[in-house]
Amino acid sequence: MTIDKRGLEAVEKLKDESDHVVFRQVDVADPHSIASLAEFIKTQFGKLDIMSLLSLQKKHTHLTLMAARKPGLIALFDVDGTLTAPRKASTPKMLEFMRELRKVITVGVVGGSDLVKISEQLGNSVINDYDYVFSENGLVAHKDGKLTGTESLKSFLGDEKLKEIINFTLHYIADLDIPIKRGTFIEFRSGMINVSPIGRNCSQEERDEFEKYDKVHNIRPKMVSVLREKFAHFNLTFSIGGQISFDVFPQGWDKTYCLRYLDEFQEIHFFGDKTYKGGNDHEIYESERTVGHTVTSPDDTMEQCKALFFS
(Lines give C-alpha, C1' and ligand atoms only; values in the text may rest on other atoms or scores of the structure.)
Protein backbone atom coordinates (compact mmCIF):
# COMPACT_ATOMS: atom_id res chain seq x y z
CA MET A 1 0.00 0.00 0.00
CA THR A 2 1.55 3.29 -1.08
CA ILE A 3 1.70 6.15 1.39
CA ASP A 4 -0.95 8.83 0.83
CA LYS A 5 0.97 12.12 0.71
CA ARG A 6 -2.10 13.97 2.02
CA GLY A 7 -1.70 12.14 5.33
CA LEU A 8 1.88 13.30 5.64
CA GLU A 9 0.81 16.84 4.74
CA ALA A 10 -1.86 16.70 7.47
CA VAL A 11 0.76 15.64 10.01
CA GLU A 12 2.96 18.59 9.10
CA LYS A 13 0.04 20.99 9.60
CA LEU A 14 -0.89 19.44 12.95
CA LYS A 15 2.69 19.75 14.20
CA ASP A 16 2.05 23.48 14.46
CA GLU A 17 -0.40 22.65 17.27
CA SER A 18 1.44 19.78 18.94
CA ASP A 19 4.69 17.85 18.89
CA HIS A 20 2.80 14.60 19.54
CA VAL A 21 1.45 13.71 16.12
CA VAL A 22 1.15 10.16 14.81
CA PHE A 23 0.40 9.21 11.21
CA ARG A 24 -1.05 5.80 10.46
CA GLN A 25 -2.54 4.80 7.12
CA VAL A 26 -5.23 2.13 6.92
CA ASP A 27 -7.03 0.40 4.08
CA VAL A 28 -10.57 0.01 5.44
CA ALA A 29 -11.28 -2.73 2.88
CA ASP A 30 -8.34 -4.87 4.05
CA PRO A 31 -8.87 -6.90 7.27
CA HIS A 32 -5.11 -7.27 7.73
CA SER A 33 -4.65 -3.49 7.51
CA ILE A 34 -7.42 -2.94 10.07
CA ALA A 35 -5.92 -5.55 12.41
CA SER A 36 -2.53 -3.89 12.07
CA LEU A 37 -4.04 -0.54 13.04
CA ALA A 38 -5.75 -2.07 16.07
CA GLU A 39 -2.47 -3.61 17.23
CA PHE A 40 -0.67 -0.30 16.67
CA ILE A 41 -3.21 1.58 18.80
CA LYS A 42 -3.06 -1.07 21.52
CA THR A 43 0.74 -0.96 21.59
CA GLN A 44 1.09 2.81 21.44
CA PHE A 45 -1.91 3.95 23.50
CA GLY A 46 -3.09 0.87 25.41
CA LYS A 47 -6.66 1.12 24.12
CA LEU A 48 -8.93 3.40 22.10
CA ASP A 49 -12.18 4.44 23.77
CA ILE A 50 -13.72 7.73 24.81
CA MET A 51 -11.52 8.00 27.93
CA SER A 52 -8.31 7.32 26.04
CA LEU A 53 -9.35 9.85 23.41
CA LEU A 54 -9.85 12.45 26.14
CA SER A 55 -6.46 11.52 27.55
CA LEU A 56 -4.87 11.95 24.15
CA GLN A 57 -6.58 15.31 23.80
CA LYS A 58 -5.19 16.49 27.13
CA LYS A 59 -1.72 15.50 25.98
CA HIS A 60 -2.28 17.40 22.72
CA THR A 61 -1.65 14.20 20.81
CA HIS A 62 -3.20 13.79 17.36
CA LEU A 63 -3.71 10.39 15.76
CA THR A 64 -4.11 11.03 12.03
CA LEU A 65 -5.77 8.15 10.22
CA MET A 66 -5.90 8.27 6.44
CA ALA A 67 -8.03 5.66 4.70
CA ALA A 68 -6.25 4.57 1.53
CA ARG A 69 -8.14 5.17 -1.69
CA LYS A 70 -9.28 1.99 -3.38
CA PRO A 71 -6.62 1.15 -5.99
CA GLY A 72 -7.58 0.53 -9.60
CA LEU A 73 -10.89 2.44 -9.34
CA ILE A 74 -11.75 5.85 -10.77
CA ALA A 75 -14.99 7.81 -11.16
CA LEU A 76 -15.30 10.12 -14.18
CA PHE A 77 -17.88 12.89 -14.30
CA ASP A 78 -19.45 14.90 -17.09
CA VAL A 79 -19.87 18.59 -16.18
CA ASP A 80 -23.14 20.13 -17.49
CA GLY A 81 -26.16 18.44 -15.93
CA THR A 82 -23.96 16.13 -13.87
CA LEU A 83 -21.78 18.27 -11.60
CA THR A 84 -23.48 21.60 -12.39
CA ALA A 85 -26.65 22.97 -13.90
CA PRO A 86 -26.01 23.67 -17.62
CA ARG A 87 -23.31 26.34 -18.02
CA LYS A 88 -23.64 27.39 -14.38
CA ALA A 89 -21.08 27.31 -11.60
CA SER A 90 -20.93 24.35 -9.27
CA THR A 91 -22.57 24.81 -5.89
CA PRO A 92 -20.46 24.88 -2.69
CA LYS A 93 -22.29 21.70 -1.66
CA MET A 94 -21.13 19.85 -4.77
CA LEU A 95 -17.55 21.14 -4.52
CA GLU A 96 -17.34 19.93 -0.92
CA PHE A 97 -18.86 16.58 -1.86
CA MET A 98 -16.27 16.04 -4.58
CA ARG A 99 -13.48 16.88 -2.12
CA GLU A 100 -14.80 14.20 0.22
CA LEU A 101 -15.22 11.70 -2.62
CA ARG A 102 -11.63 12.25 -3.67
CA LYS A 103 -10.51 11.02 -0.25
CA VAL A 104 -12.11 7.66 -1.02
CA ILE A 105 -11.46 7.11 -4.74
CA THR A 106 -9.62 8.65 -7.68
CA VAL A 107 -11.79 11.29 -9.37
CA GLY A 108 -11.73 12.76 -12.87
CA VAL A 109 -13.75 15.20 -14.96
CA VAL A 110 -14.40 14.78 -18.69
CA GLY A 111 -16.23 17.59 -20.49
CA GLY A 112 -16.82 18.61 -24.07
CA SER A 113 -16.05 22.25 -23.33
CA ASP A 114 -12.58 23.76 -23.35
CA LEU A 115 -10.65 24.23 -20.11
CA VAL A 116 -11.63 27.90 -19.82
CA LYS A 117 -15.34 27.06 -19.69
CA ILE A 118 -14.84 24.09 -17.36
CA SER A 119 -12.86 26.37 -15.04
CA GLU A 120 -15.71 28.89 -15.05
CA GLN A 121 -18.01 26.15 -13.76
CA LEU A 122 -15.76 24.14 -11.44
CA GLY A 123 -13.31 26.83 -10.34
CA ASN A 124 -9.99 28.21 -11.52
CA SER A 125 -8.10 25.55 -9.56
CA VAL A 126 -9.97 22.71 -11.26
CA ILE A 127 -6.85 20.96 -12.61
CA ASN A 128 -5.57 20.70 -9.03
CA ASP A 129 -8.93 19.90 -7.44
CA TYR A 130 -9.33 16.65 -9.40
CA ASP A 131 -6.87 13.87 -10.17
CA TYR A 132 -7.67 14.02 -13.89
CA VAL A 133 -9.26 16.81 -15.94
CA PHE A 134 -10.13 16.00 -19.55
CA SER A 135 -11.36 19.03 -21.48
CA GLU A 136 -12.64 18.75 -25.06
CA ASN A 137 -13.40 15.05 -24.45
CA GLY A 138 -9.82 14.42 -23.34
CA LEU A 139 -8.19 15.97 -26.40
CA VAL A 140 -6.61 18.25 -23.81
CA ALA A 141 -5.63 16.14 -20.79
CA HIS A 142 -4.36 17.10 -17.33
CA LYS A 143 -3.21 14.79 -14.54
CA ASP A 144 -2.29 16.04 -11.07
CA GLY A 145 -2.37 19.61 -12.34
CA LYS A 146 -0.01 19.01 -15.25
CA LEU A 147 -0.73 18.91 -18.99
CA THR A 148 -0.20 15.35 -20.24
CA GLY A 149 -1.54 15.41 -23.80
CA THR A 150 -3.19 17.43 -26.58
CA GLU A 151 -4.65 16.73 -30.02
CA SER A 152 -5.25 19.21 -32.86
CA LEU A 153 -8.27 19.14 -35.16
CA LYS A 154 -6.53 21.52 -37.56
CA SER A 155 -3.56 19.19 -37.97
CA PHE A 156 -5.81 16.16 -38.35
CA LEU A 157 -8.25 17.50 -40.97
CA GLY A 158 -6.33 20.31 -42.64
CA ASP A 159 -7.55 23.80 -43.48
CA GLU A 160 -9.36 22.91 -46.72
CA LYS A 161 -11.67 20.38 -45.08
CA LEU A 162 -12.23 22.66 -42.11
CA LYS A 163 -13.16 25.53 -44.40
CA GLU A 164 -15.62 23.33 -46.28
CA ILE A 165 -17.34 22.28 -43.05
CA ILE A 166 -17.46 25.81 -41.64
CA ASN A 167 -18.75 27.41 -44.86
CA PHE A 168 -21.55 24.88 -45.27
CA THR A 169 -22.54 25.16 -41.60
CA LEU A 170 -22.72 28.96 -41.68
CA HIS A 171 -24.86 28.87 -44.83
CA TYR A 172 -27.20 26.39 -43.16
CA ILE A 173 -27.57 28.59 -40.06
CA ALA A 174 -28.13 31.68 -42.23
CA ASP A 175 -31.13 29.97 -43.85
CA LEU A 176 -32.43 28.57 -40.57
CA ASP A 177 -35.69 30.14 -39.36
CA ILE A 178 -35.74 30.14 -35.56
CA PRO A 179 -37.19 32.75 -33.14
CA ILE A 180 -33.88 34.48 -32.35
CA LYS A 181 -30.20 34.39 -33.31
CA ARG A 182 -27.28 35.98 -31.52
CA GLY A 183 -23.55 35.64 -32.23
CA THR A 184 -20.69 33.09 -32.25
CA PHE A 185 -22.41 30.31 -34.19
CA ILE A 186 -19.17 28.36 -34.58
CA GLU A 187 -16.47 28.06 -31.93
CA PHE A 188 -13.19 26.51 -33.04
CA ARG A 189 -11.50 24.53 -30.28
CA SER A 190 -8.28 22.55 -30.12
CA GLY A 191 -9.86 19.20 -30.90
CA MET A 192 -13.36 19.99 -32.17
CA ILE A 193 -15.80 22.49 -33.65
CA ASN A 194 -18.74 23.58 -31.51
CA VAL A 195 -21.83 24.64 -33.48
CA SER A 196 -24.71 26.63 -32.00
CA PRO A 197 -27.78 27.44 -34.17
CA ILE A 198 -28.84 30.27 -31.83
CA GLY A 199 -25.27 31.48 -31.16
CA ARG A 200 -23.22 31.09 -28.00
CA ASN A 201 -23.60 34.79 -27.14
CA CYS A 202 -27.22 34.31 -26.09
CA SER A 203 -28.26 34.97 -22.50
CA GLN A 204 -29.09 32.23 -20.00
CA GLU A 205 -32.79 33.01 -20.39
CA GLU A 206 -32.44 32.67 -24.17
CA ARG A 207 -30.57 29.38 -23.68
CA ASP A 208 -33.42 28.02 -21.62
CA GLU A 209 -35.99 29.10 -24.20
CA PHE A 210 -34.01 27.61 -27.10
CA GLU A 211 -33.65 24.31 -25.26
CA LYS A 212 -37.45 24.10 -24.92
CA TYR A 213 -37.91 25.10 -28.58
CA ASP A 214 -35.34 22.54 -29.71
CA LYS A 215 -37.09 19.72 -27.86
CA VAL A 216 -40.27 20.45 -29.82
CA HIS A 217 -38.81 21.31 -33.25
CA ASN A 218 -35.62 19.18 -33.21
CA ILE A 219 -33.46 21.98 -34.60
CA ARG A 220 -30.16 20.38 -33.59
CA PRO A 221 -31.03 16.77 -34.49
CA LYS A 222 -32.20 17.86 -37.97
CA MET A 223 -29.07 19.94 -38.52
CA VAL A 224 -26.83 17.09 -37.36
CA SER A 225 -28.59 14.72 -39.77
CA VAL A 226 -27.90 17.05 -42.72
CA LEU A 227 -24.25 17.59 -41.78
CA ARG A 228 -23.66 13.89 -41.15
CA GLU A 229 -24.90 13.05 -44.66
CA LYS A 230 -23.05 15.94 -46.32
CA PHE A 231 -19.69 15.09 -44.75
CA ALA A 232 -19.98 11.31 -44.47
CA HIS A 233 -16.67 10.93 -46.33
CA PHE A 234 -14.87 12.90 -43.58
CA ASN A 235 -15.67 10.23 -40.93
CA LEU A 236 -16.88 12.76 -38.38
CA THR A 237 -18.93 12.40 -35.22
CA PHE A 238 -21.71 14.89 -34.41
CA SER A 239 -22.53 14.94 -30.72
CA ILE A 240 -25.35 16.95 -29.13
CA GLY A 241 -24.57 18.35 -25.69
CA GLY A 242 -25.63 21.12 -23.35
CA GLN A 243 -28.61 23.34 -24.14
CA ILE A 244 -27.77 25.10 -27.39
CA SER A 245 -25.03 23.38 -29.38
CA PHE A 246 -23.39 20.25 -30.72
CA ASP A 247 -19.77 19.21 -31.26
CA VAL A 248 -18.10 18.05 -34.46
CA PHE A 249 -14.93 15.94 -34.32
CA PRO A 250 -13.28 12.92 -35.99
CA GLN A 251 -14.67 9.49 -35.17
CA GLY A 252 -13.07 8.15 -32.01
CA TRP A 253 -12.54 11.63 -30.58
CA ASP A 254 -15.63 11.38 -28.37
CA LYS A 255 -15.31 11.08 -24.58
CA THR A 256 -13.87 7.57 -24.89
CA TYR A 257 -10.70 9.34 -26.07
CA CYS A 258 -9.81 10.08 -22.45
CA LEU A 259 -9.72 6.37 -21.59
CA ARG A 260 -6.30 6.00 -23.24
CA TYR A 261 -4.88 7.86 -20.23
CA LEU A 262 -6.45 5.47 -17.72
CA ASP A 263 -4.82 2.10 -18.42
CA GLU A 264 -3.87 1.70 -14.75
CA PHE A 265 -7.54 1.50 -13.72
CA GLN A 266 -9.47 -1.76 -13.84
CA GLU A 267 -12.80 -0.24 -12.74
CA ILE A 268 -13.91 2.99 -14.40
CA HIS A 269 -17.27 4.49 -13.44
CA PHE A 270 -18.73 7.22 -15.66
CA PHE A 271 -21.55 9.56 -14.65
CA GLY A 272 -23.37 11.66 -17.25
CA ASP A 273 -26.79 13.01 -18.16
CA LYS A 274 -26.77 12.76 -21.98
CA THR A 275 -26.13 9.04 -22.25
CA TYR A 276 -28.74 8.44 -24.97
CA LYS A 277 -27.68 7.76 -28.57
CA GLY A 278 -26.58 11.05 -30.11
CA GLY A 279 -25.82 12.58 -26.71
CA ASN A 280 -22.23 13.52 -25.96
CA ASP A 281 -22.03 11.02 -23.08
CA HIS A 282 -23.30 8.04 -25.09
CA GLU A 283 -20.06 6.50 -26.34
CA ILE A 284 -18.23 6.48 -23.01
CA TYR A 285 -21.41 5.36 -21.22
CA GLU A 286 -21.67 2.38 -23.58
CA SER A 287 -17.94 1.60 -23.63
CA GLU A 288 -16.98 -1.90 -22.51
CA ARG A 289 -14.27 -0.30 -20.37
CA THR A 290 -16.70 1.67 -18.21
CA VAL A 291 -19.56 1.14 -15.80
CA GLY A 292 -22.05 3.75 -17.00
CA HIS A 293 -24.45 5.68 -14.77
CA THR A 294 -27.16 8.00 -16.09
CA VAL A 295 -27.93 10.95 -13.81
CA THR A 296 -30.73 13.48 -13.91
CA SER A 297 -29.16 16.32 -11.92
CA PRO A 298 -26.17 17.20 -9.72
CA ASP A 299 -28.18 16.12 -6.67
CA ASP A 300 -28.82 12.75 -8.31
CA THR A 301 -25.08 12.46 -8.98
CA MET A 302 -24.33 12.89 -5.28
CA GLU A 303 -26.98 10.38 -4.24
CA GLN A 304 -25.72 7.72 -6.64
CA CYS A 305 -22.12 8.26 -5.50
CA LYS A 306 -23.11 8.01 -1.84
CA ALA A 307 -24.74 4.64 -2.50
CA LEU A 308 -21.79 3.35 -4.52
CA PHE A 309 -18.74 4.67 -2.72
CA PHE A 310 -19.73 5.60 0.84
CA SER A 311 -21.99 2.72 1.83
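Guide: A nonpolar core is a set of buried Ala, Val, Leu, Ile, Met, Phe, Trp, Tyr and Cys residues joined through side-chain atoms within 4.5 Å. The structure discussed here is a predicted model.

Visitor: In the largest nonpolar core, which residues touch the most other members?
Guide: This core holds 23 residues, and the elements that give two or more residues to it are helix H7 (153-157), helix H8 (159-174), strand E9 (193-195), helix H10 (219-230), strand E10 (236-241) and strand E11. A second, separate core of 22 residues includes Met98, Leu122, Val133 and Cys305. Within the largest core, the members that touch the most others are Ile165, Ile193, Val195, Leu236, Phe238, Phe246 and Val248.

Visitor: Which residues is Phe246 in contact with, leaving aside its neighbours within four places in sequence?
Guide: Phe246 is one of the members of the largest core that touch the most others, and Ile193, Val195 and Phe238, which are also on that list, are among its contacts.

Visitor: At which residues does UniProt place the feature "binding site"?
Guide: The feature comes from an unreviewed UniProt entry, and the lining of the largest cavity takes in Arg87, Arg189, Arg200, Arg207, Ser245 and Asp247 from this set. The positions recorded in that entry are Arg87, Arg189, Arg200, Arg207, Ser245 and Asp247.

Visitor: Why does Arg207 count as buried?
Guide: Arg207 has its place in helix H9 (residues 204-217), and, neighbours within four places in sequence aside, Arg207 is in contact with Arg87, Arg200, Cys202, Gln243 and Ile244. The cut-off for a buried residue is under 20% relative accessible area, so Arg207 counts as buried at a relative accessibility of 8%.

Visitor: With which side chain does the side chain of Ser245 make a polar contact?
Guide: Ser245 is found in strand E11 and is buried, with a relative accessible area of 6%. Not counting residues up to four places away in sequence, Ser245 touches Asn194, Val195, Ser196, Arg200, Arg220 and Ile240. The polar contact of its side chain, at 3.1 Å, is with the side chain of Asn194.

Visitor: How far apart in space are the C-alpha atoms of Asp247 and Val195?
Guide: Asp247 is found in strand E11 and counts as buried at 5% relative accessibility. Its contacts beyond four places in sequence include Gly112, Arg189, Met192, Ile193 and Asn194, and a polar contact of 2.8 Å joins the side chains of Asp247 and Asn194. Although Asp247 and Val195 are 52 residues apart in sequence, their C-alpha atoms are separated in space by 6.2 Å.

Visitor: What phi does Arg87 have?
Guide: Most residues other than glycine have a negative phi. Arg87, which lies in the loop between strand E3 (73-77) and helix H4, is not a glycine and yet has a positive phi of about 60 degrees.

Visitor: Which backbone oxygen does the side chain of Asn137 reach?
Guide: Asn137 lies in the loop between strand E5 and strand E6 (140-143), and has a positive phi of about 70 degrees although it is not a glycine. At 3% relative accessibility Asn137 counts as buried, and its contacts beyond four places in sequence include Val110, Gly111, Gly112, Phe249, Trp253 and Tyr257. At 3.2 Å, the side chain of Asn137 reaches the backbone oxygen of Trp253.

Visitor: Which residues of helix H5 (residues 115-122) are buried?
Guide: What covers the buried residues of H5 includes helix H4 (92-102), strand E4 (106-110), helix H6 (126-129), strand E5 (132-135) and strand E8 (186-188). Just after H5, Gly123 takes a positive phi of about 110 degrees. Within the helix, the buried residues are Lys117, Ile118, Ser119, Gln121 and Leu122.

Visitor: Is Gln266 buried or exposed?
Guide: Gln266 is found in the loop between strand E11 (245-250) and strand E12 (267-272), where its side chain reaches the backbone oxygen of Glu264 at 2.9 Å. The C-alpha atoms of Gln266 and Leu73 are separated by 6.3 Å, although the two residues are 193 residues apart along the chain. Because its relative accessible area is 65% and the cut-off for this class is over 50%, Gln266 is exposed.

Terms used:
Residues are numbered from 1 along each chain as its sequence is written. This is a predicted model: local features need pLDDT of at least 70, side-chain atom pairs count only at pLDDT 80 or more; totals for chains, interfaces and linings use all residues. Side-chain values use heavy atoms; hydrogens and water are left out. Helices (H or I, at least four residues) and strands (E, at least two) are DSSP runs, numbered from the N terminus. Buried means under 20% relative accessible area, exposed over 50%, partly exposed in between (1.4 Å probe, protein chains only). A polar contact is a pair of N or O atoms within 3.5 Å; within protein, one must be able to donate a hydrogen and the other to accept it, and residues adjacent in sequence count only if both atoms are side-chain atoms. UniProt positions are given in the numbering used here, feature names are shortened, and annotations may be inferred rather than shown by experiment. On a 1 Å grid over the protein atoms alone, a cavity is a set of points where a 1.4 Å probe fits but cannot get out, and a pocket is an open set with protein on both sides within 12 Å along at least five of seven lines; lining residues have an atom within 4 Å of a point. Contact means heavy atoms within 4.5 Å.
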